[in-house]
Amino acid sequence: MRFRWPLTARRWPLRLDDPYKTLGVAKDASQADIRRAYRKLAKKHHPDLNPGNAKAEDIFKRVSAANELLSDAKTRGQFDRGEIDAAGHERAPEPDYRNHAEGDAGRRYSRAGAGGWSDEEFGDLFSSMFNGAGRAGPPRPTRGQDEHYALQTSFLDAVNGTTSRLTLPDGRTLDVKIPPGSADGQTLRLHDQGEPGQNGGPRGDALIEIHVAPHPFFTREGQDIRLELPVTLAEAVLGGPVEVPTPAGPVRMTIAPGSDSGTQFRLRGRGVPAHGGLTAGQLYAKLRVVIGPPDAALTDFLRAWKPEHPVSPRQAPSK
Amino acid sequence: MNIEIVVAQVPGLQRPDLERWVANEWVKPDQHDGEYEFYDIDVARARLIRDLRDEMEVNEAALPVVLSLLDQLYDLRRRMHEISDAIDHTVPEEVRQKLAAHLAKRGG
């Protein structure tokens with residue numbers, strides 16, 4: 001690497017200023033006064049603390065030259081007796097950190113990481129420059145902001161579709177068409193219902209996130225719907241027609257005789273209706289046998305009952 | 001250059017000072033095989049830290065604050081130079097004049 005010692009002695013044209021005036025001290029000032037005056041001026045004019053300020057740099061040069069002359073009792077005496085003038089003095093290297101720090105070498109001490117131009121680092125200052133907003137000249141049409149809303153809907157409304165009226169904070173009302181088969185968390189986009197544009201730009205959109213409330217007995221898995229269907233002991237043992245609720249209304253279904261608790265029946269096409277290219281889902285009804293309130297006749301019957309094939313439901317099947 | 005040369009080049013700088021400044025990451029020389037390699041900017045920075053401490057009465061407790069602000073100042077100035085350079089190389093003369101006129105109007 002290039003050696004810079006003794007660096008930049010006498011690089012600037014020297015002005016033959018009176019060093020006492022430069023430091024603002026009297027001819028008979030003490031060495032301590034001179035030191036204090038120099039420090040005060042150095043704090044203000046040090047060129048590394050005033051990068052790009054040529055005036056500060058010039059003042060600092062003269063202040064430090066004056067200080068070097070006067071801070072040394074020997075050279076001060078020579079100057080006072082007229083043996084040397086203000087220019088006749090060796091000087092220390094000029095501070096030049098600023099020249100390095102502003103160039104590529106300064107990245108070494110960068111606080112901003114690798115020194116790229118990513119949005120995160122300087123986005124606050126320069127984003128407007130790069131995305132075009134805030135530039136001078138005639139105002140440009142800008143599209144309004146999108147606005148976000150949440151809309152709570154019932155399980156059946158989400159499955160079957162409905163129209164729901166939403167009142168916006170600015171008093172406008174929106175009739176939101178919730179399409180059949182809408183799922184929890186799904187977002188609907190209503191074009192041109194967001195914030196107004198500026199300078200003739202179009203409105204933004206309204207984005208509405210659907211929140212579906214749970215249903216007491218339906219649950220949804222994609223296009224299919226599951227349901228636990230309570231049946232009486234008689235319906236389970238004897239079989240027969242029962243009414244099953246579905247999202248589109250009740251239907252009749254025949255239970256085979258001897259259907260146990262947990263038996264599942266499939267009702268084809270009775271799940272979530274066809275929408276958006278998806279075919280209609282299935283409804284799976286799982287039986288749950290309900291014994292009901294105490295019944296003396298049933299109790300007496302069971303006491304007398306001798307099963308034809310005694311089984312214990314808590315043992316694995318012997319097959 | 002190695003640490004001895006730096007200490008010799010910067011009057012008023014003692015080797016333990018510089019070693020402490022390196023440990024504090026106020027000065028960041030390269031390191032090769034446990035030896036420091038100082039560049040011009042590191043020497044200039046050591047000289048600046050010495051000036052701050054000896055001439056401007058910024059004691060070492062306050063130095064990190066001053067250095068952090070200075071580093072941010074120089075980051076921004078370097079960015080400004082990069083922008084200015086980019087404008088020089090990419091923006092047509094007519095637009096540059098518009099920019100200059102706009103900035104002059106703002107009193108910048």
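These legends walk through several close-up views of a predicted model.

**View 1. Chain A as a whole, to get your bearings.** Chain A is built from nine helices and 11 strands. Of its 319 residues, 34% count as buried. Its accessible surface comes to about 19900 Å², and carbon and sulfur atoms account for 53% of that area. Now look at which parts of the sequence touch: among contacts in chain A with a separation of 6 or more, 53% link residues 24 or more positions apart.

**View 2. The four-stranded open sheet of chain A.** Here four strands of chain A line up in the order 6-7-11-10, and the pairing in this open sheet is mixed. Which strands stand at the edges? They are strand 6 (218-221) and strand 10 (264-267) of chain A; each has a single partner strand, so one side of each is left without a neighbour in the sheet. Going from one strand to the next, the twist averages 30°.

**View 3. Strands 10 and 11 of chain A, side by side.** This view picks out one pair from that sheet. Strand 10 of chain A pairs with strand 11 (residues 283-290) of chain A in the antiparallel sense, over four bridges. A handy pair to look for is A:Arg266 with A:Tyr284: the two stand opposite each other, with A:Tyr284 in strand 11 of chain A. While you follow the side chains, keep in mind that in a regular strand they alternate between the two faces of the sheet.

**View 4. The three-stranded open sheet of chain A.** Another open sheet in chain A has three strands in the order 1-5-4, again with mixed pairing. Strand 1 (147-153) and strand 4 (187-190) of chain A take the edges, and each has just a single partner strand, so one side of each lacks a neighbour in the sheet. The twist here averages 25° from one strand to the next.

**View 5. Strands 4 and 5 of chain A.** Zooming in on this sheet, you find strand 4 of chain A running antiparallel to strand 5 (residues 206-212) of chain A, with four bridges joining them. Which residue stands opposite A:Leu188? That's A:Ile208, in strand 5 of chain A.

**View 6. A hairpin in chain A.** Strand 2 (residues 162-167) and strand 3 (residues 173-178) of chain A run antiparallel and are joined by six bridges. Together the two strands form a hairpin, with five residues between them. In the turn, look for A:Gly171, whose phi is positive at about 95°. Along the paired part, A:Leu166 has A:Leu174 of strand 3 of chain A as its bridge partner.

**View 7. A nonpolar patch on the surface of chain A.** Three residues make up this patch: A:Leu233, A:Val237 and A:Leu238. Together they have about 280 Å² of accessible area. A:Leu233 sits in helix 8 (residues 233-238) of chain A. With a relative accessible area of 33%, A:Leu233 is partly exposed.

**View 8. Over to chain B.** Chain B has five helices and two strands. Of its 108 residues, 38% count as buried. Chain B exposes about 6000 Å², with carbon and sulfur atoms supplying 54% of that area. Among contacts in chain B with a separation of 6 or more, 43% involve residues 24 or more positions apart.

Notes
Residues numbered from 1 in each chain as written. Chains lettered and ligands numbered in written order. Predicted model: local features only at pLDDT ≥ 70, side-chain atom pairs only at ≥ 80, totals over all residues. Heavy atoms only, no water. Pairing = 2+ DSSP bridges. Axes fitted to C-alpha atoms, helices over the stretch in contact; angles between N-to-C directions. Buried < 20%, exposed > 50% of the residue type's maximum accessible area, 1.4 Å probe, protein only. Contact = heavy atoms within 4.5 Å. Areas by Shrake-Rupley, 256 points an atom, 1.4 Å probe, with all protein chains shown as cover. Patch = residues over 30% accessible without salt bridge, like charges linked within 9 Å, V, L, I, M, F, W, Y side chains within 5 Å. Salt bridge = Lys/Arg side-chain N within 4 Å of Asp/Glu carboxyl O.
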